[in-house]
Amino acid sequence: MANTASERSRQGAGHAGAWVAIGPCAVLASWLALVFVPAAFRLAALYGCIAALSVTAFAVAFYLASHDDRDLPLNRPSSSEDVPDPSPPKSGGRSATDDPTRSDGAGNDMIDQGDTSFRLVLEAAPSAMIATDAGGTIQLLNSQAAQLFGYERAELVGQSIEVLVPQSLRATHRAMRGAYMRAPQARRMGSGRELSGLRRDGVEVPVEIGLSTIATRAGHLVLASLIDITERKRAEQALRASEERFRLLVETAPNALIVVDRAGNIVLLNAVAERLFDYERAELIGKPIETLVPHRHAAGHAQLRDGYLGAPSARRAGLGRDLYGMRRDGSEVAIEIGLNPIRTAQGEFVLASVVDITERKRAHEHLGAALAEKTLLLNEIHHRVKNNLQVIASLLSLQAARARDPAVQALISESVDRVQAMALIHQLLFERRDWSSVQLGPYLSRLSELLASTYGRSRIELQVDADEIELDVQRAVPCGLLVNELVTNAFKHAFPDERSGCIRIELRREAAAQARLRVSDTGRGLPEDLDIEHIESLGMQLIPLLAEQVGGTLRMERGPGAGFELRFPVASVGAGAPSQNSLQQCS
C-alpha cells in the first residue's frame, strides 16, 4: 500500500509538474495571441491567458507543496482532526500527519485533500476551481466557483458534478466523465464544442473548462478550472451581427460591390457583381481583382492598386479615363468605379462600387452623333445665309450702278451696307463654329473695316475700342445694324465741306452685367431741333427700334460732335479684357 500511495503521489506531482512545464508555454501562447490577434478576438485570448495562469499558478503551488518537507505554516493542520499523533514516529523523523503527501503504505506519496495548503492554493486561483472524485462527486471548490454558479459552497460539496451540467447534457456528460477517468490527462475539455454550465437559478452560462488529475489518499481527484465566457460570447455575437449587417448592406446594394484585401484578392462581392461579370460568387472569392481587368490593363493595374493603398481615400477611380471590366467570356463592359477604404479588426480592405455605364455611353454616343449632325446643319445654314446675303448685296450694288439718280444710288448703297452688316454676323458664326453667340469686339472691328472701305474717306479716321463681350445671335444682328446706321450717318453728315475728323466706336463692360456701346464723332454735331422720334430719315427711324430689340436704353449726346450711347444687359462673366486694338481717344 505504501508503494501504491507513493506512486499516486508521484503521479499527482507528475501532473502538477507537467502543468508547471507546459503552463508557461500556455501563458506565452495566450499572451502572443492577446497581442497579435485582431481586436474583435482579443477578449477570447484574454480569457485563455487567464485560464492558463489559473491552472499554472495552482499547479506550481501544488508542486511546491507536494515536494517541500519543511513544516511551513501552510502545511499545518486546518482542524483538530488533523492534529499530529502524539506518539513518536515509527521510523524516526516526523509523523505521517505532518506531511500533506502521506504514504499509502506502498511507498507512494499522496496529497491530503483536507490540508490547509491545498485549500489555500485552490482558493487563491483567479478562476473557478472544482475538484471531484472518480465518481463525479464534488469534494472541493473555491469561492469563485460558488459565485459563478450562484450556490453556497456547502450546498455543492458532496453533490454530483452533473448538478452543474444542463439537463439535456447530463447523460452524455456521465459517459464522457467515465471515459476521461480511464485515461486522465491535463487537457482542455470539449475542444471544438461549446460548453455550458447550469446556475442555481436555471440560467445556462457559457464556460471554458480545463481538466487535470490529482492523486490523494482517497484516490484521484479531477481538478476542473472554469472560466465564464459570457462577455466573450456577447462580443462574438455582436461581431457576427455586425458582419451580417454589413453583408446584408452589400448584398442589397443597387450597384455591384466588391471587397478586396490589401493583397488585391477578392474577399466579398454581391449578386449584382456576379451578374455584371457573369461569374459565380465562389469562382471569384480568393481570386486577384485583376481577374476582372482587361488583359491590356492588367499589368499596370497592380501598380495603380499599390499606389492607392499607399494613400487610400474615398474617390472615383480613373478620373478622366474610360474604364472597362472584363466578363467571364472575355468581353469588356464600360464601367465607373468608386473606391472607399474600410478599416476592420481583420485588417484594411477596399470597397469598390462598380456601375455599368454601357447604356450611358451608348446614349452619349447617340447624343454626340446628333450634335455633330446639328452642327453640320447649322454650319450649312449660316454658310448659305451668308452667301445669299452676299448675293443680295451684289444685286443691289449692280442695281445702284445702273441707277442714274444719285439719290436712288445713295438709298441702294445704304441697303447694301445693312445687308453686309447682317452677312458679317453669319460669317463670324461660320468661322467660330459657335452658333449661339457672337464676339462683339471682333465683329465691330470687321464691320468698321467694311464701312471704311465702302466710304473710302482718308480724311476721316474710324477707331474701335471694344472689350471682349459676347452677345446672343438674336440681339447681335440688331446691335450690328444699329452701329452700321450710326457710323454710316456720321460718314455722310458729320464732316461736310471736306472737313476731317474722327469716328469712334467704344464698347465697355460695366458692373451689374451691363455693357455700354458708344458711337461718337468729332464732327459738326447734331442740329438743335433734331427729334429722333420724329424724323423722316429711314436710318434714324431704325435706330430706336434696333435699340429696343437689343434690350437697351439709348441716349443721345449733343455738344462738340455727336454721340449715341446704348446700355444693354449681357452675361455676367466678369470684366472683359480690353481689345488688343484699342486706340487713343479721338482728339
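Helices (H or I, at least four residues) and strands (E, at least two) are DSSP runs, numbered from the N terminus. On that basis, the chain has 15 helices and 21 strands. Welcome to a predicted model, in which local features need pLDDT of at least 70, side-chain atom pairs count only at pLDDT 80 or more, and totals for chains, interfaces and linings use all residues. Residues are numbered from 1 along each chain as its sequence is written, and side-chain values use heavy atoms, with hydrogens and water left out.

**Burial and contacts**
- Of the 587 residues in the chain, 43% are buried (under 20% relative accessible area, 1.4 Å probe, protein chains only).
- Among contacts (heavy atoms within 4.5 Å) with a separation of 6 or more, 60% join residues 24 or more positions apart.

**Nonpolar cores**
- A nonpolar core is a set of buried Ala, Val, Leu, Ile, Met, Phe, Trp, Tyr and Cys residues joined through side-chain atoms within 4.5 Å.
- The largest has 48 residues, and Tyr 443, Leu 517 and Phe 568 touch the most other members.
- Elements supplying at least two residues each include helix 12 (406-432), helix 13 (440-455) and strand 19 (514-521).
- Helix 14 gives the most to this core, namely 10 residues.
- Beyond its neighbours within four places in sequence, Leu 517 is in contact with residues including Leu 444, Val 483, Ile 505 and Phe 568.
- A second, separate core of 23 residues includes Ile 258, Val 260, Leu 269 and Ala 317.

How values were computed: Buried < 20%, exposed > 50% of the residue type's maximum accessible area, 1.4 Å probe, protein only.
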